[in-house]
Amino acid sequence: MSTIERPEIRTTGLLTQSWAIARRNFRHIRRMPEMLLDVTIQPVMFVLLFAYVFGSSIDVATPAGYRAFLLAGIMAQTVAFASFIVAVGLTADLDKGIVDRMRSLPINPAAVLVGRSISSLAHASIGLVVMSLTGLVIGWRIHTNVFEAALGYLLLLGWGFAMIWVGIWVGSAMRSVEAVNGVMFATMFPITFLANTFAPTDRMPTVLRFIAEWNPISSLTQAVRELWGNDQPLAEGAAFPMHHPIPFTIGWIILITAVVAPLAIRTFRSRTAG
Amino acid sequence: MTRPAIEAEGLVKHFGDTVAVDGVSFVVPEGTVLGLLGPNGAGKTTTVRMMTTLTRPTSGTARVAGHDILDDPAAVRRSMGLTGQAATVDELLTGRENLRLIGQLYGLDAGYITRASAELLERFSLAEAGDRIAKTYSGGMRRRLDLAVSLIATPPVLFLDEPTTGLDPRSRVELWEVLRELVKDGTTLLLTTQYLEEADQLADNIVVIDRGTVIAEGTPLQLKDRSGAAALVVTVSHADDLAAAEALMRPHVREVHLDAGARQLTAPAEGLGHMTRVAGIFDESGIVLDDIGLKRPSLDDVFLHLTGHRAEDGAEDDQTAGQPAGEVTR
């Protein structure tokens, strides 16, 4: 028996491992730039569509008009779709056995999820940048100070973080990318539209208005609008969260994470170790 | 040399009510190849998944390179490489990037990764394709890359789950060659296969599992011997000669079986001398033969003998590893 060189296997930390996996995911985007369509062309198209096609018939009381009103809504929707990005990526990796291969390596099993989360959050952030630029072109401006402006973006990213857990949960539960697409479209579209994202809620039928104003997405949208000075005076009878959107948004982020994260981890474990 | 590299001790895995693996034990000495042979759904993949710490056994345990899979899974993962059933390479990364990613996750030194990647790509005939994304690779190339990736940290123990499934015959033979070289270098190999020929070609020892239990084990030769004696097979050149050939042969053999379609006469073999004698008789008779020879039972015959069914018709997918209730009766 001949002896061969066996290299030293160093123990690395979770962060190093996650970063290696996140870098691999970024490389995917570089190889397939069309993966970025969901945070570039698509939201820009939505911005233009709503700003110019529907916008002219939606009457808002924002001083800067509908286009300023719209931006926070579209951003909230795009960030909510971070869950979509995570779920699709995770399901594909599970399906192709990539996750199993990584789990057979001497790494922390959580690195697969953390790496995926990092890259997905970065992916969604690209969307925020693209939309901010689009917004600036069509006349959207932030009218408050730097601190509030930053807090607005921070809330959006915090929301993206909570949505990542939803994505891990759905991604671990679904057997194919097609199933993920089906489930996510069927849920995320109504959730992000049945809110104050694209139109003011005060003229909705009572029941719908109640749902829309209690919708967590509406809290986020309203919070960001307030922080950026894009909000309109609250209509009479607005639900409680609309009066306190910032604490509500933070509360929702914590609540969703606290409830969904354990579910997501359990589903991921039973999917992979079963 | 004979220190066990892999030991399985009464591995059991239940999925709900389904018993996928039902007490599998075996030992693989260091530097040898074990073929885990069985039809689809026999529990091969589940057994490998338990031994590679991907799934927890319901009971029983295993040791890989001396490390217990339950007590020290991290040490097990440091000592072994796994090539799964599907070629799990990242299609959007190049061959070299695939190697680098896994090398980084192993915590290997960057300089070492670069060197080892180049060597592995060379060794697996992927040097030219190394900077192309894996999506453009053929099935055989993907398998080779998959194997190369498993070897980046030069693990002493390698698990290969159906390494050649879906490969064309040429790629299969090429992969066998590579595997033989690895073993020559001292790597211990456990490979699952449903190709009996593959086990025959590569394995020092074979463990046959069916429906979650070990039904036979031994060297390929021992297993073949277990399923009966060899046969003397005579093939005549002209079908017209068959009857004459049979009459000629009958006094010299215990019994003879005639297969008109194959122009073959089959009789129980009684050793080499006996075969030479029969060949001499034909030589004198003027009946022209295409072939005369001894045929040992193939592993296919062994499998049929052991399990009562052919290797190909098992339950469905080994991934689910369970058998439908109706299949359990023999």
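This is a predicted model: local features need pLDDT of at least 70, side-chain atom pairs count only at pLDDT 80 or more; totals for chains, interfaces and linings use all residues.
1. Which residues of α5(B) are buried? They are B:M141, B:R142, B:R143, B:R144, B:L145, B:D146, B:L147, B:A148, B:V149 and B:S150. A residue is called buried here if 20 or more other C-beta atoms lie within 10 Å of its own.

2. As for its length, α5 of chain B runs over residues 139-150 and reaches 17 Å from first C-alpha to last. That is close to the 16 Å expected at 1.5 Å a residue.

3. Now step back to chain B as a whole. Chain B has 11 helices and 14 strands, and its C-alpha atoms fill a box of roughly 75 × 50 × 40 Å along the principal axes. Of its 330 residues, 45% count as buried. Look at contacts in chain B between residues at least 6 apart in sequence: 69% of them join residues at least 24 apart.

4. Finally, have a look at where the two chains meet. The contact takes 31 residues from chain A and 30 residues from chain B. On the chain A side, α1 (14-31) and α5 (98-103) each supply at least two residues, and α1(A) gives the most, with 6 residues. By class, that side of chain A has 12 nonpolar, 9 polar and 10 charged residues.

Key. Residues are numbered from 1 along each chain as its sequence is written. Chains are lettered from A and ligands numbered from 1 in the order in which they are written. Helices (H or I, at least four residues) and strands (E, at least two) are DSSP runs, numbered from the N terminus. The expected span of a helix is 1.5 Å times one less than its number of residues. A residue is buried if 20 or more other C-beta atoms lie within 10 Å of its own, exposed if 12 or fewer, and partly exposed in between; C-beta atoms are placed from the backbone. Two residues are in contact if their C-beta atoms, placed from the backbone, lie within 7 Å. Ala, Val, Leu, Ile, Met, Phe, Trp, Tyr, Cys and Pro count as nonpolar, Asp, Glu, Lys and Arg as charged, and the others, Gly among them, as polar.
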